[in-house]
Amino acid sequence: MNNSSNTPVIFINGLIGTLNDPKFHRPLGDRPVIAPDLNGYGARSDIPVEKINIWGQVKRIYEVIQAEYQGSAVSLVGHSVGGAVAYAFAHKYPECVKEIVSVEGNFSLKDAFWTSTIAKMTLTQVESMLADMQGSPETWLEGSGIDPQSDKIQIATIWLKHQPASTLLAMARSVVEVTGNPGYQTLVKTVFTSVPVHLLAGEHSASGWDVPDWATQHAKSITVMPSTGHLMMLQDPTTFGQRVAEILS
């Protein structure tokens, strides 16, 4: 599968939620698309906590590619923490990656503002935080700069229930450990020189994305989605899918 029209696309969610939404996938037409549950999420919520980390997710995605596409090269679309997972995957398995769409994917600890806060919490504190968010998804949306319309509340409810607090804590600590390591920048630079990487940001959050100058210079393309923020796919699902489709075309 070398043609962009039939290269499989794998969506990799961020710290919270799922990208398994037909509104994101439909604009990609006939291309094979999957947004697998990562370790600790959805149907895999009961995975042992020691497997819930960036490198555990890399292994999970590799297993999905082998099972679904017999090892064919795929296009990865990684959001936020999912962008860090995509970089790590491409570093370990460059032969499995045709290209990456980094949707405000983590370049450094500066991008892990919320994640860093969670990483310092106890499990009890994260459980309390998540319960409050699940009890008032509209408040979470408003805090993210999203108008809490009924359809958005429905999606937010699904996202907030898609993982237990233990997953949030484990992934947050892994993100801090991996992206805070000086070798992480070298890893990401290697990826940018080995596979095409496209950058996609929301207009309202682009200025806060810690994109290094070298990444801007080596990026295959840079796209800013108007009138949206970091959770652009929740804010405007259809347009998000269209933007991804345009980038991958």
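**First stop: strand S3**

Select S3 and look at its side chains: Val-74, Leu-76 and Gly-78 point one way, Ser-75, Val-77 and His-79 point the other way, and all are buried. Buried here means under 20% relative accessible area, exposed means over 50%, and partly exposed is in between, using a 1.4 Å probe and protein chains only. S3 covers residues 74-79 and is mostly covered, with 6 of its 6 residues buried. Strands are DSSP runs of E with at least two residues, helices are runs of H or I with at least four, and both are numbered from the N terminus.

Before moving on, keep in mind that this is a predicted model: local features need pLDDT of at least 70, side-chain atom pairs count only at pLDDT 80 or more, and totals for chains, interfaces and linings use all residues. Residues are numbered from 1 along each chain as its sequence is written, and side-chain values use heavy atoms, with hydrogens and water left out.

**The sheet around it**

Now show the strands. There are 6 in an open sheet, ordered S2-S1-S3-S4-S5-S6, with parallel pairing; two strands pair if DSSP finds at least two bridges between them. S2 (33-34) and S6 sit at the edges with a single partner strand each, so one side of each has no neighbour in the sheet.

Zoom back to S3. On one flank, S1 (residues 9-12) pairs with S3 in the parallel sense over 4 bridges, and Ile-10 has Leu-76 as its bridge partner. S3 is also joined to S4 (residues 97-103) by 6 bridges, again running parallel. Pick out Ser-75 opposite Glu-99, then His-79 with its bridge partner Val-103.

**Helices across the sheet**

Axes are lines fitted to C-alpha atoms, for helices over the stretch in contact, and angles run from 0 to 180 degrees between N-to-C directions.

**The core**

Which residues have the most contacts inside the largest nonpolar core? Select Phe-11, Ile-100, Trp-140, Phe-192 and Phe-240; the core has 86 residues. A nonpolar core is a set of buried Ala, Val, Leu, Ile, Met, Phe, Trp, Tyr and Cys residues joined through side-chain atoms within 4.5 Å. Centre on Phe-11: leaving aside neighbours within four places in sequence, its contacts include Leu-19, Phe-24, Val-77, Phe-240 and Val-244. Contact means heavy atoms within 4.5 Å.

**Two crossing helices**

Next, select H2 (residues 54-69) and H8 (residues 165-179), which pack at an angle of about 105° with axes 8 Å apart. H2 and H8 are therefore roughly perpendicular, a label for angles of 65 to 115 degrees (under 35 is roughly parallel, over 145 roughly antiparallel, the rest oblique). Ile-54, Trp-55 and Gln-57 of H2 meet Met-171, Ser-174, Val-175 and Val-178 of H8.

**Last stop: two loops**

What is the phi of Glu-104? Glu-104 has a positive phi of about 50° although it is not a glycine. Find Glu-104 in the loop between S4 and H4 (113-119), where Glu-104 is buried at 5% relative accessible area. Finish at Ser-227, in the loop between S6 and H11 (232-235). Ser-227 also has a positive phi, about 60°, but is partly exposed at 49% relative accessible area.
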